2 protein chains.
Amino acid sequence: MAETAEQQTAEQRLERLRDALDSGRLVPVRRILKSLHPAEIARLLESLPHNERKVVWGVVDVDDQGEVLLHVNDEVRAALIQGMSPEDVIAAARDLDIDDLADFVDDLPETLTEQVLRSMDLANRQALEKVMSYAPDTAGGLTNTDTVTIRPDVTLDVVLRYLRLRGSMPDHTDVIYVVDRYGRFIGGLSLERLLTHDPSERVADAMDTELEPLADDLPAREVAQQFENRDLISAPVVDANRLLVGRITIDDVVDVIRDEAEHNLMSMAGLDEEEDIFAPVAASAKRRAVWLGINLLTALLAAQVVGLFESVIDQVVALAVLMPVVASMGGISGSQTLTLMIRGLALGQIGGGNTQSLLKKELAVAAINGVLWALVVAGIVLLWFRNPTLGAVIAIAMIINQLFAALSGFGIPLILRKLNIDPALAGSVVLTTITDVVGFFAFLGLGALVLL
Amino acid sequence: MAETAEQQTAEQRLERLRDALDSGRLVPVRRILKSLHPAEIARLLESLPHNERKVVWGVVDVDDQGEVLLHVNDEVRAALIQGMSPEDVIAAARDLDIDDLADFVDDLPETLTEQVLRSMDLANRQALEKVMSYAPDTAGGLTNTDTVTIRPDVTLDVVLRYLRLRGSMPDHTDVIYVVDRYGRFIGGLSLERLLTHDPSERVADAMDTELEPLADDLPAREVAQQFENRDLISAPVVDANRLLVGRITIDDVVDVIRDEAEHNLMSMAGLDEEEDIFAPVAASAKRRAVWLGINLLTALLAAQVVGLFESVIDQVVALAVLMPVVASMGGISGSQTLTLMIRGLALGQIGGGNTQSLLKKELAVAAINGVLWALVVAGIVLLWFRNPTLGAVIAIAMIINQLFAALSGFGIPLILRKLNIDPALAGSVVLTTITDVVGFFAFLGLGALVLL
């Protein structure tokens, strides 16, 4: 098949754009952007250094700007908006879905928010204010108010005629919602049923009453799990009185899934998933300095422990040579258990009394690997330093550290979660502190006892 | 709103199941399973230790077994299938979609595969063999052959009558595909247009000819990006001759996205995302032993470097106390750059000549933080050991190591990818080896030069 613009990989698009930029003319750049979807343009913008990003942003079609802004990460969005006139911002906001607009407006400076609100008609403004009243990471915050609703007491034929009159439906409409006269959710009529059932059938008979609406205060993560578990395309959202608020569509849920996964990956290195990879050096350095500072504190703590044993190191220098091995093996083991736990907690797989079995299993695994690698290292130390006592000391220290590592990898995320601290963010720092401190203490302490 | 079974979190379901299991009777267990979707049952099974998993699996409704098997991870699936009779396996396979069946059959022992194939009718068997001829991680491997196709020269009214005759449509049908008489893809007719356009209109006039089909050899990761970028629910898949092979639906794409994200997270700790968290201790220990063994080699390499400087440590024990600080700060910095690169590569954000700007930025950030924290540490060392030369040595070593860390975090994933090695899997091992070796070498080597 011939390769079309649609079928190019992100990298190929980036190469093409680069060639066009290098040509120094904007016509080919504009032509490439024209052939791309807003989300693809957003990805490209994120991949460009600041000066080139500015050039390309200037060429993005005005009609695409709103969608593009929606798809770039928070930091890039803020920078792009800063360079826009209020009129352009209002124009960009005009075509967005209500739930997307709510996210967009959230990031605007206050004066701009008011201008955007004033530019809207009453119905839309009220819908926006409703969505904005929810926390962004709840079902309500993901809700789009643009839905097709019908009454239960009409026939499918009436619905068919109504839709033809309407002329269009909101994107990703797979189910039409059936509400009573107060706007309370009763059930859903899938387009499939509407198309395959007899037109003389009543909506009340054709509709699916088993379709469970989502509560508007359901956390976004739970919404994502519901979509995944039930293979949903869209789901109705209701408030505490079962009044239909709107619906959530799969495209927004995919974003939630992607964001959560990126958050876990990036947090473990102390990074923010909404960071611009081409952020100014000063801003980037400042953010990372915090993480390095925290790590320095933990490293100094470990150094203090080593410092306690200066006199034994002074006499048996081999201890200094070998101590990083003990600490490092503990860190690796511990982070395996930690990662397993962080994923398990994110998926809701840990709880309900399975924690004890899991701890037992992790401790057993650590014991086996602890003994195995302790023996290997003891053998190497024996050959290297010709000192059987030193071999025994490192073996015992390693076994102790492996068990502590498993215990920490298991316990830290549970404790952090109880304290409402993100385990993905803080887990690895706390873990390596423990495996370093325990590793050094066990090895050097035993060394001091036995070798002096 | 009252909490229904649907609205429970995964953890709450686990708790409920635990209570039911503890009651010792199977009736409540069966009742809970009845109220859940197969994917939810799958998640629960994964969360149970082996003996309980066996009990619960025995109670899962036969009609749900196929879908449940599909949703558990590879290792759990293999174990469950091992305990089933061939008849049960065939029954479980019966209701699956063709693309799901292809995955399922892939994991069966060969004799069972043949039995399943023999139990199918000719048309389905041919469809299955077609899908199985594709690699699982390509568009073809994700393709479901169950599609509704129409010809361009009929009116919408004819299509409406055809659908009513058909009586149902495959799950997640949002677009009906228009093919010519040879089965070549021409365009798509969305249910929305079918419902809102005049029934006397011809399909050829109402259809969307801009709908780009996906090539059957497109990598799964690219498929996921297309779905995300274009907010798709389903997409047609064609072969090299533009013949319609089938379609890919968003539910399978969400699985791809989830798997890829989990793969990145788990790989960085040397874990496999398809691993059973309650895998037998021996199997688990064996798998992790490999990772620990690789790490031991790198730790011993670092120890060798320290060993080169035994004589200087013997005379300045403070070097032994401080050397973990230098190595650890390098490791942290490097893993930040590494994580940024691994995500960037996964998203296709790196390439097209932006690598140089990125390297410059990362080096600049490393230089700033290197100098900053080098000065802080030098100050602390001065207070602690009252030795200005030692302070200068650690400061210079830290700056050198920070720059090497940024360079490695940047270069390692690019090199690994060129070598076709997964950067997420091997990156952090290689990185910490470098930051340890460089850190120890710079610090102890400078120490030997200046302090002896």
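Helix α8 of chain B, residues 98-106, is mostly covered, with seven of its nine residues buried. (Helices, H or I with at least four residues, and strands, E with at least two, are DSSP runs numbered from the N terminus; buried means under 20% relative accessible area, exposed over 50% and partly exposed in between, using a 1.4 Å probe and protein chains only.) This is a predicted model, so local features need pLDDT of at least 70, side-chain atom pairs count only at pLDDT 80 or more, and totals for chains, interfaces and linings use all residues. Residues are numbered from 1 along each chain as its sequence is written, chains are lettered from A and ligands numbered from 1 in the order in which they are written, and side-chain values use heavy atoms, leaving out hydrogens and water.

**Helix α8 in chain B**
- The buried residues of α8(B) are Ile98(B), Asp99(B), Asp100(B), Leu101(B), Ala102(B), Phe104(B) and Val105(B).
- Their cover includes the chain B helices α5 (62-71), α6 (74-82), α7 (86-94), α9 (110-118), α10 (122-132) and α15 (250-267).

**Ser234 in chain B**
- You'll find Ser234(B) in strand β5 of chain B, which covers residues 234-238.
- Ser234(B) has a relative accessible area of 5%, so it counts as buried.
- Its side chain has a polar contact of 2.6 Å with the side chain of Asp174(B) (that's a pair of N or O atoms within 3.5 Å; within protein, one must be able to donate a hydrogen and the other to accept it, and residues adjacent in sequence count only if both atoms are side-chain atoms).
- Another polar contact, of 3.5 Å, links the side chains of Ser234(B) and Tyr177(B).
- Leaving aside residues up to four places away in sequence, Ser234(B) also touches others, including His172(B), Phe227(B) and Arg247(B) (contact means heavy atoms within 4.5 Å).

**Two helices meeting in chain A**
- Where do α1(A) and α2(A) meet? Arg16(A), Leu17(A), Ala20(A) and Leu21(A) from α1(A) touch Pro28(A), Val29(A) and Ile32(A) from α2(A).
- Sorted by class, that contact has six nonpolar, no polar and one charged residues (Ala, Val, Leu, Ile, Met, Phe, Trp, Tyr, Cys and Pro count as nonpolar, Asp, Glu, Lys and Arg as charged, and the others, Gly among them, as polar).

**Val290 in chain A**
- Val290(A) sits in helix α16 of chain A, residues 281-308.
- Val290(A) counts as exposed because its relative accessibility is 54%.
- Gly270(A) is 20 residues away from Val290(A) along the chain, and their C-alpha atoms are separated by 9.0 Å.
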